[in-house]
Amino acid sequence: MLHNTKCECGHQNPVGTVLCESCGKPLDDEFGTAPLEMRYDGIARRSQRENPVLIDRVWRFFSSVKVAIILIFIVLCVSIVGTIYPQENTFLNVDPAVYYETTYGLAGQIYHALGLSDTYNSWWYKLLLIMIGASLIICSLDRVLPLYRALNKQQIRKHLSFLVRQRVVYQGQLPASGLSASAFINELVPILKKRRYRVHTDGTALLAEKHRFSRWGPYINHIGLIIFLLAVLMRGLPGWYMDQYSGFLEGVPVKIENTPYYLENEQFTVEYYTEEELPSEFRGQGRAVPKLFETKAILYECTANCSTNQPELKQVHRQNIEVNKPLKYKDLLAYQFDYRETIQIRSVNVSITDENNQNFGPFELSTISPKETYVVDPYVLTLKDYYPEFALNDKGMPYTKSRAPLAPAFIFLVQGPNLAEEGEVFIYFPRDVDKQRFSQDKLNAGVSDMIDIGAASMNDVDISQFTSFLNIRMDRALPYIFTGGVIFMIGVIMGIYWQHRRIWIRIDDDREITIGAHTSKNWFGIRKELSDVLGKAGITVEPKQLENGVKQS
Amino acid sequence: MNLEQWSGNALLVAFILYNISFIVYMIAIAGKKWSNRDPIMHQQRWSRVAFILTVIGLVAQITYFITRWFAAGHVPTSNMFEFMTFLSMAIVAAFIVLFAIYRISALGLFAMPVSVVLISYASVFPKEVQPLIPALKSYWLYVHVATAALGEAFFAIGFAAGLMYLLRTVDYSSKTKESRNSRLGIEFTLYAIVVVIGFVLITNGFKSAEYSAQFTQEVQQKDEKSGELITVTKTTNYTLPPFIQPSNSNMERMDPFLGMDQPLLSAPSWMKGIDSGRKLNTIIWSLLSGLILYWLLRLIIRKPLGAGIQRYMGGIDAEDLDEISYRAIAIGYPIFALGALIFAMIWAHEAWGRFWGWDPKETWALITFLFYTVYLHLRLSRGWQGLKSSWLSVIGFLVVMFTLIGVNLIIAGLHSYAGV
């Protein structure tokens, strides 16, 4: 159907225009009296134009604010449902299928079956967020360009019905000061300029406008949100996001998987509040309130032999990690997560004693990565076998229970003076407990009267107290996420704390003055401002009387 | 007198001043109809007194805040008592900001009680200065909490003005379904406020009477070290007489209450935790005492509470109330987004290494944000100003309060403070 969209002022408007782009005359309800719908200045949105094909229909769907509101509301409701029971990601090592049923019964079973136990990682939740993203982009594009055009070429003298159908209206006579219409307009200019309005005049008409930039606030905050959502999606790309938990025994560099880095926990400290520091109510109850968890960390980068157990490490960073003070090095982040008391022998300074009680050594014997041979002139020790946590199975064969050096046992082949040419086997348990339990002396019966291997005192034993658990992370999307957040805030503040205000004035027949005013928000403010301005120009009117529909007495 | 006591007294002074200022606001608004006076003069004079009292009260509360800060060595927003008092302070500040713009003194009549109720609510929680556990030692935490609370304070004023709009416009003589629903909604909202007051009164009442009862519950749980199932005995202390005991629990001891020397009922078996029984008991006590209080008030004024208040709402412009509500929410929205989402993400990133973890409190902050986002977008649509958006502002504040209190009571998470 052909629709005549030409306004009486001669301007050709696009289909869908509500208010003439040029003079502001209402096009579709010419004779109404209700205040005008001033959204987007009555322009035709992009989506209202063509005969729709499929892509236009999609565009049209997402360009609707109503659809956007419904989408936000759905996300809101779904998010509420997701907080009814704890989500799966709050548990480690729990089978969700069993957990929800045993803990919450039938309701829990249904909750899990519907996928609500992992709401926020589900495909449909992500799809909803993507739809909101699409709505943000399309709603903005649909409006911002036409609005920009409309605000960029405003006519100063607007149609009379455009003025009287604003929400803030004044109609009256020029004050009896004898000023001509154009002189009165000129008198208003400095008053309005003082209030930071940009004033344009056209003979007996005037347009004053301020804070137009606040109109762009919503679009800027939408851009921020889009960046934010995109950045969140980017974390799904390989190499963008890493999240792992590792234990670090004191004094042992540990490789951080998938990176060239090794991290060493030099020392871990846990401090509790002393009785004096606690409030009186807490005292004498034996309550331990932790004050500090700290890992003295050294970060190394591997330079060579990285896949062997003798890598060459170069120290690149050193930092004390506390809760709220993560280690930061380039993209790598390490957070204090947990700790465990793990008393373990890290290394022993051992020496060899011969039958004459003469000592040789000492040399450092590591329980973490022992060397294959130790040369202690005149002796040579070759490590034949090493069991970090020594135990005997039911057939009496030795094996190791774990890789943690909880009960280390070293089996050496010892060569040296007065020993057999091919060497003698010597089993060494650094811990006295193990020495007794597995009867080291009996096992070494053949050689124990010729040599002994051991530490002279406790000072020669290096013991580690704690394992610190760190959360190692890398998140390349973070800068984008926070940039998105900052842009969003700038947009919201622009759009909300400032308002785009416009005042149109026209004087007809040299004395009939008609004023219409519009603001994007805060009508109370603009009424007060207009009342003040008019008061300075000699027209007394109460702010409340400027409201459209309130009788002007 | 040490600094901590000093600070406690300053809070008490603020609380009393807020109460008096509320009463003076009542005199200013209700006294207009008293004989032999010029109503406008009367309201102006008394509102000014009320406003001055509010400002002095705020100064007293700021004194409380700063002295407690020095006494504790950290910003006092780290437990429920401190947070709630901070929120009430922010609400008074937000009220002063909006009063400065709109000069509608009746707003004080609604804003002050919100603040007073929150301080009383805070009084239920332990008041001691507590040492901080490592996770709470971060400047971002304080910035996050303070900013979020300020945003929420503006939402509270939005709620007050929205409720005023409803009270001002609802028609108590009309028989249409729409206005009947409105009246019911208003009564329900007022009842909800009365429930909070009832809760505060009974908790503090039984606390000062030193009422106590104790229950134990045997729970099977995995031993952390051995991984075997072991039986653990958990204990809970009731400070309110137990109508309801935790499910599968044994009574250790119970002070008799009005001849009742054992609980009437046991919590349903699906409420497993020992604390959920206690919380259910507290909720029943609150609802009951709220109901008694509500009917007492109704007996006194002999009509629905809303109708009683409406009598004094004449002469206030409804459109202005609608705009104040909208403006307060619009001012609060960016502050809330900054505090409850952006700063929260920065803190979460520093403390836990993830800026977002879908913890129930975090999720509810997002839900609050989404709710007000919907509100702001709906305001742009025709037909959503006035009545509908006033309802939204009331519901919105309900969402805020659920995020602050309900989540801690019902859903526990990382943010759980000590609950009652």
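In chain B, the C-alpha centres of domain 1 and domain 2 lie 28 Å apart. The structure is a predicted model, so to speak a computed one, in which local features need pLDDT of at least 70 and side-chain atom pairs count only at pLDDT 80 or more, while totals for chains, interfaces and linings use all residues. Residues are numbered from 1 along each chain as its sequence is written, and chains are lettered from A and ligands numbered from 1 in the order in which they are written.

Domain 1 of chain B covers 3-172 + 312-410, and domain 2 covers 184-303; such bounds come from an automatic or database domain assignment. Where the two meet, eleven residues of domain 1 are in contact with nine residues of domain 2, contact being scored when C-beta atoms, placed from the backbone, lie within 7 Å. On the domain 1 side, α4 (106-122), α5 (139-169) and α11 (387-410) of chain B each supply at least two residues. Helices here are DSSP runs of H or I with at least four residues, strands are runs of E with at least two, and both are numbered from the N terminus. That side of domain 1 holds nine nonpolar, two polar and no charged residues. In this scheme Ala, Val, Leu, Ile, Met, Phe, Trp, Tyr, Cys and Pro are nonpolar, Asp, Glu, Lys and Arg are charged, and the others, Gly among them, are polar.

Then there is the meeting of the two chains, with 40 residues from chain B and 44 from chain A. On the chain B side, α9 (318-352) and α10 (360-379) each give at least two residues, and α9(B) has the largest share, twelve residues. The chain B side splits into 27 nonpolar, six polar and seven charged residues.

What about the inside? The largest nonpolar core has 154 residues, and B:Ile91, B:Ala94 and B:Ala153 are among those with the most contacts inside it. A core of this kind is a set of buried Ala, Val, Leu, Ile, Met, Phe, Trp, Tyr and Cys residues joined through C-beta atoms within 7 Å, and buried means 20 or more other C-beta atoms within 10 Å of a residue's own, again placed from the backbone. The largest share of this core, 21 residues, comes from α9(B).

Chain A, for its part, has an open sheet of four strands in the order β5-β6-β7-β8, with antiparallel pairing; strands pair if DSSP finds at least two bridges between them.

Conventions. Buried ≥ 20, exposed ≤ 12 C-beta atoms within 10 Å, placed from the backbone.
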